[in-house]
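My entries follow in the order I made them.

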Amino acid sequence: MTVMKRLISMALIVASTPLAFGFVGQDDLAALKQKALAGDPAAQVRVGMSYALAAPRNIKESIKWMQMAADQGYADGEYRLGGLLDVATNPPNPTEAIKWYTLAAKQGLKDAEYRLGQMYDQGRGTAKDYAEAAKWYTKAAEQGRPEAQYRLGEMYEQGQGVKQNYSQAMNWYMQAAQQNRPEAQYKVGTLYEHGEGVTKNTQQAIAWYEKADKLGYPDAHDALKALEDQ
């Protein structure tokens with residue numbers, strides 16, 4: 001994984017952190033550590049995140065606390081431990097990461113389901129397996145994770161790991177588009193423009209392209225210009 005991709009992935013892990021995991025003052029951190037040392041897995045995760053989000057970060061210390069929570073079978077701890085091993089360590093350890101993502105995903109944690117789908121999708125820490133990726137993306141998508149909905153839409157459009165089905169592609173693109181994902185809004189516009197999985201409707205295509213364009217998606221801007229030039 002390139003440095004840029006690792007930074008983006010780490011940003012995604014942090015972005016999925018609840019607001020309650022913001023920076024913790026030293027007094028609060030001391031009290032939190034007492035709860036964590038007493039075996040509270042939620043507190044262990046919060047302490048771990050305080051180290052992961054600190055400036056400078058202390059990934060080794062963060063992993064230590066996440067491991068405590070993960071070893072208790074706490075899904076959020078398993079997921080975050082996997083994330084640290086996946087993108088925050090040097091070198092990364094995707095094989096160990098996938099183990100923890102899997103444990104969290106089997107408990108129904110949508111962020112872990114999505115990350116596990118990515119691992120199979122990209123062949124990171126495991127053999128590339130589009131069918132297995134689609135399985136985990138579907139679980140995350142059904143829980144409303146827009147990135148999973150979008151990628152699942154792509155898989156149905158392209159026939160990757162699932163039978164090609166434009167109606168299903170439109171279904172998942174639409175769900176992500178309704179959560180203001182510009183790449184999904186663009187894809188909804190494309191399917192309307194070409195009548196794939198839905199009745200052809202140029203006005204609907206324009207409407208969705210405009211939504212994506214307003215969010216700065218360049219392909220949508222180009223698609224609008226192409227329709228205007230026809």
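Is Tyr-217 buried, partly exposed or exposed? I looked it up: Tyr-217 is partly exposed, its relative accessible area being 21%. I take buried as under 20% relative accessible area, exposed as over 50% and partly exposed as in between, with a 1.4 Å probe and protein chains only.

Source notes. The model is predicted, so I note that local features need pLDDT of at least 70 and side-chain atom pairs count only at pLDDT 80 or more, while totals for chains, interfaces and linings use all residues. Residues are numbered from 1 along each chain as its sequence is written, and side-chain values use heavy atoms, with hydrogens and water left out.

Aromatic pairs. I searched the whole structure and found 5 aromatic pairs. Rings of Phe, Tyr and Trp (its six-membered ring) pair if their centres lie within 6.5 Å; planes under 30 degrees apart are stacked, over 60 edge-to-face, and the rest tilted. I looked up Tyr-114 with Tyr-137, a tilted pair at 5.9 Å centre to centre and 40° between the planes. Tyr-114 belongs to helix α7 (residues 110–122) and Tyr-137 to helix α8 (residues 130–142), so this pair ties together parts that are 23 residues apart in sequence. Helices are DSSP runs (H or I, at least four residues), numbered from the N terminus. Tyr-114 is buried at 8% relative accessibility, and Tyr-137 is buried at 2%.

I then looked up Tyr-186 with Tyr-217, also a pair that is tilted: 5.5 Å centre to centre, 45° between the planes. Tyr-186 lies in helix α11 (residues 182–194) and Tyr-217 in the loop between α12 (202–214) and α13 (218–229), so the pair joins parts 31 residues apart in sequence. Tyr-186 is buried, with a relative accessible area of 19%. Tyr-186 and Tyr-217 form one aromatic cluster with Tyr-209.

Charges over rings. I count a charge as over a ring if NZ of Lys or CZ of Arg is within 6 Å of the ring centre and within 35 degrees of the ring normal. The charged end of Lys-139 sits over the ring of Trp-136, 5.7 Å from its centre. Over the ring of Trp-208 I found the charged end of Lys-211, 5.3 Å from the ring centre.

Lys-33. I placed Lys-33 in helix α2 (residues 26–37). Lys-33 is partly exposed, at 24% relative accessible area. Leaving out residues up to four places away in sequence, Lys-33 touches Val-47, Tyr-51 and Trp-65; contact means heavy atoms within 4.5 Å.

Notes. Helices (H or I, at least four residues) and strands (E, at least two) are DSSP runs, numbered from the N terminus.
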